[in-house]
Amino acid sequence: MLNQVDLERLAQVGTHLSLGRLGSESELIQTVFDALQETLDAQMVGMVLLATTPDLYYTGQQMPPDREQRQLEHRIQEILESLQVLGTDKKSYHHHPILGRTSWSYPDLEEFIGLPLVVEGRITGLLFAARGAEQTAFQAMDLTTLAMLCGQLSVTWLALHLNRQLAEQNQQLQALNQYREEFIRNLSHDLRTPLTCVLGYAELLHQHGSRLSTEQHSEFLTQILSKAKTLRILIDNLLDFNNGSDRQAILTQIVDLQACLEAAAQDIQSILAEKQQTLVTHIPLLLPQVLGDAPLLIKVLLNLLHNSQKFSPVGSELLLEAHRYDDYIRVCVRDSGPGLNPEALERVFEKFIREPANRPISSSAEGIGLGLAVCKDIIEALKGRIWAENRSEGTAFCFELRMAAL
């Protein structure tokens with residue numbers, strides 16, 4: 001029968017657990033182990049956590065001898081089978097000593113009691129205590145004590161688990177909020193910068209158009225056209241991102257890839273003129289047709305060309321090339337920048353990832369990181385593949401699509 005000291009000790013343990021003063025499962029386990037070992041005068045106490053590989057916690061500083069360890073695991077197996085938690089197959093246990101407790105000293109485990117830990121109606125583990133050959137047998141009140149601690153431990157374990165989940169969700173919400181703020185800030189910048197340029201040049205044409213030279217008219221219109229196309233690409237990418245789940249519905253058809261390449265090369269000219277850049281094309285005259293979607297392929301090409309234009313120096317050349325490889329047509333867009341490091345090559349097609357590392361970029365060219373992600377979504381929906389690779393000079397963004405049957 002529990003004496004007054006034992007009852008007070010259990011009450012203190014329950015109070016300590018219920019107040020949520022424990023910061024981790026290991027602190028909780030150690031607190032319960034201390035109470036069990038002292039209250040039950042147990043030579044060894046422990047816990048099995050049911051998982052893919054259950055963990056067995058000891059209070060001793062050193063592991064028991066092999067014979068006693070096998071004996072202990074056999075008793076644990078019997079209890080778990082009686083609870084219909086396990087089948088008849090032998091389970092393996094991973095052992096973790098709780099340091100700083102009484103060392104193993106008795107040669108045999110004569111007495112053993114154990115009760116399940118139940119969290120939200122599910123058996124999640126086993127709390128047990130054992131005595132050696134020279135100790136007295138466990139009594140009914142010892143089992144009552146173990147049951148009390150099992151209940152306290154289950155409730156507190158659930159509270160710790162919920163607190164950890166809440167902390168993780170709060171951390172995720174904070175990260176998402178920061179992510180949202182950064183996205184809105186970058187999006188506002190990307191929309192405002194070209195729009196300001198369009199409004200500025202339009203204002204100049206409106207107020208001073210009659211006094212401007214032909215060359216000035218042409219320059220202003222080129223800038224307006226360039227920035228307007230930049231806005232169109234950005235808005236298209238935002239709409240594509242919002243409707244990205246519809247990619248699975250794309251039906252491929254026979255596409256004249258050469259016509260798509262020529263359309264994209266023509267459309268990008270006004271943007272290239274902004275930095276006095278030129279586009280060199282290496283496209284065979286009789287390029288085979290591919291299976292795809294013409295408007296989406298032009299969108300991919302414009303995104304790749306626009307991306308390379310941003311990272312290439314003023315007055316540089318961009319290369320657009322297409323070649324046949326077996327049953328596929330490979331298209332590559334190469335810039336004249338410094339290239340990407342290996343980590344950047346792996347992540348450059350992820351959503352909201354702006355090209356990092358050794359790719360210098362002016363503040364006016366910063367983006368929200370959707371263009372390349374949209375390219376990846378489209379090409380993969382068309383059953384192709386897309387990648388980036390460093391060349392001897394610059395970076396190449398390539399994709400492959402299957403040729404149409406002749």
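Of the 406 residues of this protein, 44% count as buried, a term that stands for under 20% relative accessible area with a 1.4 Å probe and protein chains only. The model is predicted, so that local features need pLDDT of at least 70 and side-chain atom pairs count only at pLDDT 80 or more, while totals for chains, interfaces and linings use all residues. Residues are numbered from 1 along each chain as its sequence is written, and side-chain values use heavy atoms, with hydrogens and water left out.

The protein has 10 helices and 12 strands, which are DSSP runs numbered from the N terminus, with at least four residues (H or I) for a helix and at least two (E) for a strand. Among contacts (heavy atoms within 4.5 Å) between residues at least 6 apart in sequence, 71% join residues at least 24 apart.

Val32 lies in helix H2, residues 25-39, and is buried, with a relative accessible area of 0%. Its C-alpha atom is separated by 8.9 Å from that of Cys150, a residue 118 positions away along the chain.

Further along, the axes of helix H8 (residues 294-311) and helix H10 (residues 371-381) come within 9 Å and cross at roughly 150°, where axes are lines fitted to C-alpha atoms over the stretch in contact and angles run from 0 to 180 degrees between N-to-C directions. H8 is therefore roughly antiparallel to H10, the term for angles over 145 degrees. Residues making this contact include Leu296, Leu297 and Val300 of H8 and Leu372, Val374 and Ile378 of H10.

Notes. Buried < 20%, exposed > 50% of the residue type's maximum accessible area, 1.4 Å probe, protein only. Parallel < 35°, antiparallel > 145°, perpendicular 65-115°, else oblique.
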